[in-house]
Amino acid sequence: MIEIFDVESGTDNSDGGTIKEKPSKISSVIPLVRINGYEVQGDRLEYFCLKNMAFYPTCRIIFDDLDGMFTARFYPKDGDLIQVNIRSQGDESTFKPVRIDFTVVDIKPVGGGGGQSANKYIVIGRMYVPNLFTENVEYEEEVTSFDALLNIAERLQLGYASNVEETADPMTWTNPNDTTETWIQDIVANSYLNDESFFTSYIDPYYYLTLVDVNKLFSQEGAIEASQTFSQNAGDTMGAEGADGQEDEFPNYLSNMIQMQGGARYISKHQMINKSGEISKANGYKRYTQYWDLNAKEWVSEFVDPLTNDTPGMIPATKGRIIDGEVEGPRNDQVKYKYLGTQGDNVHPEFQYSTVLNYQNNAEINKIGMTIELDAVNPALVRYSRIYCQILEYGSPVQNTLLAPDNDEIDGEQAPQTRPEGEEGNDGQTSGNQNGVVNEYLTGFYVIAGVEWLWTKPGPLRMRLKLQRREFTPST
């Protein structure tokens, strides 16, 4: 990522008087939550979820008002804030704590009350960014979308980050009395670099407006990078400093290997998700961009076929069934059309085309993926980064299926996983029964599309990741 500048959350929106004292390391195990100055104690907190899945982070908190103080003295009014602080694992000079102010969206009772038992509340919040939802008439004159977003981030007092250095779409970007949030998303929807790129954007938990060329992550090549890892809830002693439990130069991968239990790279749960039918029905397998070009005085109709990697030995997961190298099903016939009106000389040449290019590809990558949970928070795992996941199978029926040499007659499969026991699997891991068998279909590089911090009583704090992938290794 290219970091342009960094402005932390300590702006006028922060209730600085209530957070001056640095939280102890215990907040890396139990999140520190303050609602209008009321600190939710660990024994009263029932559930906490911080989501970085959409354009800006949101939170959901459930707690018991055991002594009635929240209801009597601290119940929020319009404009009061939720403050969340999660201390980072390890050395905080490397990974900053998550420190966010949230606007209260909704508070409602979900149990108790009536003098019989303590009120139980659910509190929902969204990240507070001043003027993000203010409607304005404004413009960015003759700049690329990259520079327009940089200028908007400066006015919002946000940092700015991107994995590209520039875009190829200079024009005057106008905001006709929409909110700044809507304007940002409209700019990104029409951002263009080339036909091999598509973009999305979001505000991360560290107050960075982030512009991402998503295809750059899916098409990235190379071996597993080095990163850091942490023991489960390392440094969770009250007031502890330093980097106890931190290990540098650790391979940047996650695994459900039993030997990795207790670390921040152990996958305690993994579940596959498939929305292919829903997305294909809504968007087709390709979509035509249609508009009238005012300059050329001609009708333009050009299709967008969502990008794939076409890696030898891999099978695409988003392009329908392929049997004996031939497409089976509606892949070539299920086509959609999008009429976008006219295009003149007041926009960049690929303005209308980029609308469909970005939309179609961002929808396509949501077809199939995996959600995983880690029993410890790993601050090295951030949204829209590449991560290698190794999935091992320990059940005998699954192991026998994966290693069976006679299942290659299953329709739609190119070749079964036939590596015998004892032979090394992906990343040099052993495939024997005692250590598990590598599931080659699920093992490989993924893109982290969303991150959640979760806490359910009695804890500890853990992570859930939404992973996306466009192609898989053939398996049984």
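Accessible areas here come from the Shrake-Rupley method with a 1.4 Å probe, and for residues only the protein chains shown count as cover. With that in hand, the protein exposes about 21500 Å². Carbon and sulfur atoms supply 46% of that area.

A word on the model. It is predicted, so local features need pLDDT of at least 70 and side-chain atom pairs count only at pLDDT 80 or more, while totals for chains, interfaces and linings use all residues. Residues are numbered from 1 along each chain as its sequence is written, and side-chain values use heavy atoms, leaving out hydrogens and water.

Now the overview. The protein has seven helices and 30 strands. Both are DSSP runs numbered from the N terminus: helices are H or I with at least four residues, strands are E with at least two. Of 476 residues, 51% count as buried. Buried means under 20% relative accessible area, exposed over 50%, and partly exposed in between, with a 1.4 Å probe and protein chains only.

Next, contacts, meaning heavy atoms within 4.5 Å. Take those between residues at least 6 apart in sequence: 72% join residues at least 24 apart.

Two strands pair if DSSP finds at least two bridges between them. Strand 18, residues 286-293, runs antiparallel to strand 19, and seven bridges join them. There, R287 stands opposite V304 of strand 19.

What lies across these strands?

On to helix 3, residues 180-189. Its buried residues are T180, E181, W183, I184, I187 and V188. They fall within an arc of 165° seen down the axis, so they line one face of helix 3. That arc is taken from the directions from the helix axis to the C-beta atoms. Their cover includes helix 2 (145-155), strand 9 (135-143) and helix 6.

Last, cysteines. C49 is buried, at 3% relative accessible area. C59 is buried too, with 3%.
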